[in-house]
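Here is a brief report on a sheet, a pocket and some ring contacts. Please look over the sequence and structure first.

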Amino acid sequence: MIYGIGTDIIEIDRIEKACGENSHFIKRYYTEREQELISGRGRRGGSCAAMNFAGKEAVAKSLKTGICWRVRLEQIEILRDDKGAPYVVLHGDTLQYAKKCGIDKIHISLSDTAVLAMAYAVAELRNEISDILQEEEII
């Protein structure tokens, strides 16, 4: 059962400028593994950084909070599997919050154009939580 959905869109050049002008930005908001992913993309590094940033925002929205003290950008990690598909890894307080809400998995889709990066995230409840909610809705 779906817990929440989130989407975000961002201009790639805004993230490229933030990353290029200030190394603090990339170190603050991206994990080491994300930084490696971004730097490994060469010319497309800015686009990758923007898609990941949009992904982090979309994940936060799918948790129904947005960015707050419980859900923090630097604790949302967007990586790629061996086929290139993006996936989400949560850490710290953000992971604990998701567990408390009964979230089992967060699905993510990323896309970009020459100018924009966007993301769409779906937070999914664990099956037992979903079963309880469905029973409550029937009553």
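How many residues lie between S4 and S5 in their hairpin? There are 3 residues between S4 and S5. Strands here are DSSP runs of E with at least two residues, helices are runs of H or I with at least four, and both are numbered from the N terminus.

This is a predicted model, in which local features need pLDDT of at least 70, side-chain atom pairs count only at pLDDT 80 or more, and totals for chains, interfaces and linings use all residues. Residues are numbered from 1 along each chain as its sequence is written, and side-chain values use heavy atoms, with hydrogens and water left out.

**Sheet**

An open sheet is built from 3 strands in the order S1-S5-S4, with antiparallel pairing. Two strands pair if DSSP finds at least two bridges between them. S1 (2-11) and S4 each have a single partner strand and stand at the edges, so one side of each lacks a neighbour in the sheet. From one strand to the next, the twist averages 15°. The axes behind that angle are lines fitted to C-alpha atoms, and angles run from 0 to 180 degrees between N-to-C directions.

S5 covers residues 116-125 and pairs with S1 over 9 bridges. S4 and S5 are also joined by 9 bridges. Some bridge partners are listed here.

| Residue | Bridge partner in S5 |
|---|---|
| Gly4 | Ala123 |
| Ile10 | Ala117 |
| Leu110 | Ala119 |
| Ser111 | Met118 |

**Pocket**

The largest pocket holds about 170 Å³ of space. A pocket is an open set of points on a 1 Å grid over the protein atoms alone, with protein on both sides within 12 Å along at least five of seven lines; lining residues have an atom within 4 Å of a point. The volume is the space filled by probe spheres set on the points.

Its lining includes Tyr87, Leu95, Lys99, Asp104 and Lys105. Strand S3 (86-90), helix H5 (92-101) and strand S4 (103-112) each give two or more residues to that lining. The lining residues divide into 8 nonpolar, no polar and 3 charged.

**Rings**

The whole structure has 4 aromatic pairs, with ring centres within 6.5 Å. Phe25, Tyr29, Tyr30 and Phe53 are linked into a cluster by ring pairs. Elsewhere, Lys64 lies over the face of Tyr3, 4.4 Å from the ring centre. For such a contact, NZ of Lys must be within 6 Å of the ring centre and within 35 degrees of the ring normal.

Conventions:
On a 1 Å grid over the protein atoms alone, a cavity is a set of points where a 1.4 Å probe fits but cannot get out, and a pocket is an open set with protein on both sides within 12 Å along at least five of seven lines; lining residues have an atom within 4 Å of a point. Ala, Val, Leu, Ile, Met, Phe, Trp, Tyr, Cys and Pro count as nonpolar, Asp, Glu, Lys and Arg as charged, and the others, Gly among them, as polar. Rings of Phe, Tyr and Trp (its six-membered ring) pair if their centres lie within 6.5 Å; planes under 30 degrees apart count as stacked, over 60 as edge-to-face and the rest as tilted.
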